Amino acid sequence: MIVIGVDVHKQSVTAVAADEVGRVVDERTVASGSDELLAWAATLGGERLWALEDCRRLTRWLERQLLAAGEELVRVPPKLMAPERRHGRSRGKSDPIDALAVARAAIREPSLSRPRPDEEPYRDLKLLVDHRDAIVDERRRAHQRLRWHLHQLDPTYEVPLRMLARSLHLERVGRWLARQNQELQVRLARELVSSCRRLNREIAELDQELEQRTAALAPALLDLPGCGAITAAKLLAEIGPVGRFQTDAQLARHSGVAPLEASSGRIQRHRLDRGGNRQLNSALYRIAITQARVHEPARAYLERKRAEGKSRREAIRCLKRLLIRVIYQTLRTSPALT
């Protein structure tokens with residue numbers, strides 16, 4: 001079988017065909033968006049598997065093209081390419097070297113993820129979550145600029161922290177600015193107030209849409225204590241179809257909440273995993289911290305772990321590992337996902 005590793009850029013696509021032991025058979029570089037790769041691959045003959053570096057903002061068009069042509073393909077995480085480059089005979093870094101590393105990683109790892117027909121709703125959800133995050137960042141920057149304008153206009157005028165996101169305080173600031181002399185800085189501050197109002201409306205609309213989509217995909221997830229609609233949407237967007245994980249242990253490793261063994265000699269211990277999907281890990285941390293405050297079973301669990309001699313950080317890690325098991329079982333048994 002021929003494995004074709006592909007390194008995709010905005011302007012070009014480099015493909016390297018390798019045999020079953022990783023030896024180079026042929027290579028080709030074409031312009032992005034071209035269909036020349038399929039014609040070139042047909043000349044290789046025999047059964048073939050396409051291996052694409054998993055950066056879907058660049059490879060989505062190629063995935064659609066290959067799937068429409070009935071080709072088999074897998075997605076190779078970028079972290080798997082570095083060992084292949086280090087072990088290769090060709091030193092340095094180039095598009096053909098990267099494409100060959102993708103192909104060899106696909107040969108070495110037979111259980112890589114593949115495109116699934118049920119992943120489209122999760123992709124749409126991730127687009128919405130990322131768009132909301134970008135708008136929230138834009139609003140934060142507008143708040144910061146507005147606070148500086150207010151301080152320069154009157155150092156005694158104070159707005160409580162995190163209150164500019166609330167319409168009541170934003171309207172109060174707008175009325176205060178309307179009473180000032182309408183100099184340039186006042187006009188700029190009033191424009192920022194208008195921008196903040198607009199961004200608040202957009203975020204509220206996105207929150208409503210995310211809640212509706214989350215309730216349609218996994219309504220049981222919203223019943224988890226400490227898991228609101230936005231956090232649930234983030235979980236679904238980062239996990240994707242739960243069927244791609246065979247066990248909750250795989251999902252725990254993917255999210256970076258599975259403990260890593262750090263034993264040496266007579267000392268047996270585990271440590272935190274700082275790898276994995278950090279966006280997913282952050283969502284789990286928010287749920288864990290909320291449950292540690294208001295959810296009695298979680299509080300009792302943390303106290304039991306602290307009594308065993310674990311630090312608070314290690315106890316929170318244990319709680320996140322427990323949460324990922326609950327989330328995995330919830331998604332596996334959700335009627336909307338089966």
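A residue is called buried under 20% relative accessible area, exposed over 50%, and partly exposed in between. Keep that cut-off in mind and select Glu308. Its relative accessible area is 46%, so Glu308 is partly exposed. Bear in mind that this is a predicted model.

**Stop 1**

Is Lys310 buried or partly exposed? Lys310 has 26% relative accessibility, so it counts as partly exposed.

**Stop 2: Arg75, with two partners**

Now select Arg75. It lies in strand S5, residues 73-76. Next, show Glu63. The side chains of Glu63 and Arg75 meet in a salt bridge, 2.8 Å from N to O. This pair links distant parts of the chain: Glu63 sits in helix H2 (residues 56-68), twelve residues from Arg75. Both residues are buried.

Where does Glu119 lie? Look in the loop between helix H4 (95-108) and helix H5 (120-153). Arg75 and Glu119 are 44 residues apart, and this pair too links distant parts of the chain.

Check the accessibility of each. Arg75 counts as buried because its relative accessibility is 4%. Glu119 counts as buried as well, because its value is 17%.

**Stop 3: a network**

Select Arg57, Lys126, Asp130 and Glu238 together. What links them? They are joined in a network of salt bridges. The structure holds 28 salt bridges.

**Stop 4: helix H4**

Select H4. It has 14 residues, and at 1.5 Å a residue they should span 20 Å. Its end C-alpha atoms are 20 Å apart, so the two values agree.

Now colour its buried residues. Among them are Ile97, Leu100 and Val102. Several alanines are buried too, including Ala99, Ala101, Ala103, Ala105 and Ala106. Asp98 is also one of the buried residues.

What do the buried residues of H4 pack against? Show strands S1 (2-8), S2 (12-18), S3 (24-31), S4 (48-53) and S5, then helix H3 (81-87). The buried residues of H4 pack against these elements. S5 is the strand that holds Arg75, from Stop 2.

**Stop 5: the largest pocket**

Rolling a probe the size of a water molecule over the atoms shows where empty space is left. About 1800 Å³ of space lies in it.

Which residues lie nearest its centre? Select Asp54, Arg56, Ser113, Arg244 and His254. They belong to a lining of 43 residues.

Now look at the helices around the pocket. H2, H5, helix H8 (229-239) and helix H9 (248-255) each supply at least two lining residues. H2 gives the largest share, seven residues. By class, the lining has 15 nonpolar, nine polar and 19 charged residues.

**Stop 6: Arg286**

Finish at Arg286, in helix H10 (residues 278-294). Its relative accessibility is 36%, so Arg286 counts as partly exposed. Leaving out residues up to four places away in sequence, Arg286 touches Thr231 and Lys234.

Last, jump to Met1. Arg286 and Met1 are 285 residues apart in sequence. In space, they are 46 Å apart, C-alpha to C-alpha.

Definitions and conventions: Residues numbered from 1 in each chain as written. Predicted model: local features only at pLDDT ≥ 70, side-chain atom pairs only at ≥ 80, totals over all residues. Heavy atoms only, no water. Helix = DSSP H or I, 4+ residues; strand = E, 2+ residues; numbered from the N terminus. Buried < 20%, exposed > 50% of the residue type's maximum accessible area, 1.4 Å probe, protein only. Contact = heavy atoms within 4.5 Å. Salt bridge = Lys/Arg side-chain N within 4 Å of Asp/Glu carboxyl O. Expected span 1.5 Å × (residues − 1). 1 Å grid on protein atoms, 1.4 Å probe; cavity = no way out; pocket = protein on both sides within 12 Å on 5 of 7 lines; lining within 4 Å. Points joined across faces, edges and corners; volume = space filled by probe spheres on them. Nonpolar A, V, L, I, M, F, W, Y, C, P; charged D, E, K, R; others polar.
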